Amino acid sequence: MGFVDKRILNFIVIITLTFITFAWTFFIFHMPFNINVVLIVLGVRVLASLLIFKDYSLSWSKATQKTFLLKSLVYIAAFSIYLPVLYGKVRFAFLASELFLYLFSINFAMYLYYYLVNKSQISKSKTVVIYGAGKAGIKLEEEFSHSEYKVKYFVDDDKILQKRSIDGIRIVSKEELKEKIEQDNKLDLLVIAMPSASHERVKEIYDKLSVYFKAIKVLPAFDEILRDKDFAKQLKDISVEDLLARHPKDLDKSVIENFIKDKTVLITGAGGSIGSEISRQCASFGAKQLILLDHSEFNLYSIAEELSECDPVFVMQSVVNKELLDKTFEQYKPDIVMHAAAYKHVPLVEENISEAIINNVIGTKNAIDCAIKHKVKKFVLISTDKAVRPTNVMGTTKRICEMYAQNVDASFDGNTTEIVAVRFGNVLGSSGSVIPKFKAQIESGGPITVTHPDITRYFMLINEACELVLQAGAIAKGGEIFILDMGEPVKIIDLAKKMISLSGHDDIEIEFSGLRAGEKLYEELLIDDSDAKTQYESITVAGKTDYDISKLNDDIAELISTNDKLAKLKEIVPEFNHNKN
């Protein structure tokens with residue numbers, strides 16, 4: 001319908017309803033019909049509606065509570081105009097009664113039109129429950145009214161709101177919701193419409209209500225919402241990352257920025273899962289120059305494409321080649337080194353022990369030695385929870401790296417390099433992570449394979465882990481092993497069940513394949529209770545392990561040359577209890 005047509009239609013509606021409501025009002029007050037009064041009121045209403053407020057632009061077919069309110073305000077404003085003109089000619093009660101009848105009539109007409117149009121165009125074939133009866137929830141309810149979804153309930157934790165309703169839709173508590181839908185089949189959709197809710201809160205709602213719904217979606221945080229776009233179009237599926245995210249509350253970005261800004265930062269393993277995220281973080285925190293080093297051509301190309309605008313230096317090189325590594329340090333003179341290069345996939349390392357020892361131990365030793373020689377201010381070693389009482393070769397090599405970092409003489413030519421290690425658990429979505437594997441298994445129709453029903457792991461988002469790594473590096477004085485707070489360990493079978501539930505494929509089965517070589521049921525983050533607190537709850541410090549550096553160098557040399565590498569690993573790291581499975 002065109003612009004002019006809307007004005008004509010609105011004009012016809014005003015005339016028709018005004019004459020009808022005045023006829024009724026004259027009848028109710030037992031007064032003769034006075035055409036002059038009607039024409040004055042009609043003229044003011046037309047003037048207010050068409051010329052001043054232009055309310056004909058309000059869509060009747062997409063009417064909301066706001067539409068009805070604005071329409072009513074137009075005619076209340078018109079009333080305030082014609083009341084002084086007619087004051088003394090007719091009684092106030094007469095005009096007020098006619099206004100009430102008119103507002104009732106115009107809103108009823110709008111609602112009837114809205115109902116008939118939408119009923120004929122949309123089949124409400126699905127049910128949705130909105131968690132959150134605030135502004136976001138109300139807006140979503142308005143948007144769902146034009147979709148195939150019928151809003152069955154609002155849920156809110158505010159006891160004052162409970163027992164009330166919005167557009168005739170009850171607001172209930174979680175407990176009431178459970179009672180109302182326990183006898184039903186699963187409802188189609190739960191929408192968590194609380195943009196300010198913490199991830200812990202979203203996870204709590206999911207854990208308590210997911211069993212009742214076929215799907216759950218969440219409205220993004222306020223800073224992610226596009227206000228000029230329908231909220232319903234911005235709803236996203238809850239991911240396993242949402243449910244496992246830690247979101248440390250003591251992240252101090254100003255400390256990180258002071259650490260990184262205007263520094264030359266060399267990142268080894270820069271194309272890997274951890275290294276690439278550290279590269280992104282360093283770029284965002286204003287590093288003067290990024291030196292991205294990786295021996296994988298594809299990984300280096302991928303991060304090069306992503307960070308090309310930062311004009312980093314790309315060095316395709318292995319940390320095992322000390323001569324070339326030394327030249328890189330000499331040429332670029334980094335202020336900070338973030339050492340993320342390592343072989344970390346436990347079963348693959350078990351099959352390639354010699355290569356893993358060379359890459360992890362010798363590569364780290366080379367990087368530390370070059371950092372000291374070239375007067376790097378700070379060296380941060382990325383370690384792992386698998387280094388604690390290790391049961392596999394990968395964890396043991398990382399433990400040796402930690403001991404070398406703690407005991408090496410970091411002074412050279414009047415300069416001391418502050419060398420620290422940061423230990424944390426699994427990062428969500430990294431290469432080799434169980435989550436991409438589970439996703440692929442679900443997409444292929446299952447089954448999901450879990451090694452053992454009791455196996456647990458710590459998890460953290462990659463970006464959160466890397467931010468805390470940088471924060472730990474910023475507060476380091478040298479010689480520390482920092483431990484990141486990973487929260488509570490997660491049972492892998494529970495993770496698998498969550499991912500199956502989120503996928504909507506309830507027919508996916510879980511099979512147990514048995515522990516793999518080097519794998520243990522649970523990981524630890526501390527060797528003993530000698531950890532110390534820092535100013536941040538998310539970061540603690542493990543006690544130092546003293547090891548004569550001359551002996552450690554000799555032991556590492558023998559480790560490379562010996563045929564019985566497992567025995568030598570056990571000698572260097574007595575707590576190494578190899579799980580061959």
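Modeller: Buried residues make up 51% of the 581 residues in the protein chain. Please bear in mind that this is a predicted model. The chain holds 20 helices and 24 strands. Among contacts with a separation of 6 or more, 73% are between residues 24 or more positions apart.

Colleague: Why is Thr264 called buried?

Modeller: The relative accessible area of Thr264 is 7%. Buried means under 20%, so Thr264 is buried. Thr264 belongs to strand E8, residues 264-268. Beyond its neighbours within four places in sequence, Thr264 is in contact with Lys288, Gln289, Ile291, Tyr332, Lys333, Pro334, Asp335 and Ile336.

Colleague: In which sheet does strand E8 take part, and in what order do the strands come?

Modeller: E8 is part of an open sheet of nine strands with mixed pairing, in the order E10-E9-E8-E11-E12-E15-E20-E24-E23.

Colleague: What makes E10 and E23 edge strands?

Modeller: Strand E10 (313-316) and strand E23 (532-533) each have a single partner strand, so one side of each is left without a neighbour in the sheet.

Colleague: How do you know that E15 and E20 pair?

Modeller: Three bridges link strand E15 (residues 418-423) to strand E20 (residues 481-484), in the parallel sense. One of the positions concerned is Ala421, whose bridge partner in E20 is Ile481. Helix H15 (residues 393-407) lies across E15, E20 and strand E12 (378-382), running at about 160° to E12.

Colleague: What makes strand E5 mostly covered?

Modeller: Six of the six residues in E5 (residues 187-192) are buried. E5 also has pairing partners: strand E1 (residues 126-131) pairs with E5 in the parallel sense over four bridges, and five bridges join E5 to strand E6 (residues 213-218), again running parallel. Tyr131 stands opposite Ile192 in E5, while Leu190 stands opposite Ile216 in E6.

Colleague: Which residues touch the most other members of the largest nonpolar core?

Modeller: Phe329, Ile368, Phe379, Ile400, Ile419, Leu552 and Ile572 do so, in a core of 47 residues. Helix H14 (residues 353-373) gives the most to this core, with ten residues. Another core, of 42 residues, lies apart from it, and includes Cys282, Val420, Ala465 and Ile539.

Colleague: With which residues is Ile419 in contact, leaving aside its neighbours within four places in sequence?

Modeller: Ile419 is in contact with Ile368, Ile372, Phe379, Ala405, Val408, Ala410, Gly478, Gly479 and Glu480.

Colleague: How do you know that the span of helix H18 is close to the expected one?

Modeller: Helix H18 (residues 492-503) has twelve residues, and its first and last C-alpha atoms are 16 Å apart. The expected span is 1.5 Å times one less than the number of residues, which is given as 16 Å for this helix. The buried residues in H18 are Ile492, Ile493, Leu495, Ala496, Lys498, Met499 and Ile500. After H18 comes Gly504, with a positive phi near 85°.

Colleague: Which kind of peptide bond joins Gly446 and Pro447, cis or trans?

Modeller: The bond between Gly446 and Pro447 is cis, with omega about 0°. Most peptide bonds are trans. Pro447 is found in the loop between helix H16 (434-443) and strand E17 (448-450).

Technical notes
Residues numbered from 1 in each chain as written. Predicted model: local features only at pLDDT ≥ 70, side-chain atom pairs only at ≥ 80, totals over all residues. Heavy atoms only, no water. Pairing = 2+ DSSP bridges. Helix = DSSP H or I, 4+ residues; strand = E, 2+ residues; numbered from the N terminus. Contact = heavy atoms within 4.5 Å. Axes fitted to C-alpha atoms, helices over the stretch in contact; angles between N-to-C directions. Buried < 20%, exposed > 50% of the residue type's maximum accessible area, 1.4 Å probe, protein only. Core = buried A, V, L, I, M, F, W, Y, C linked by side-chain atoms within 4.5 Å.
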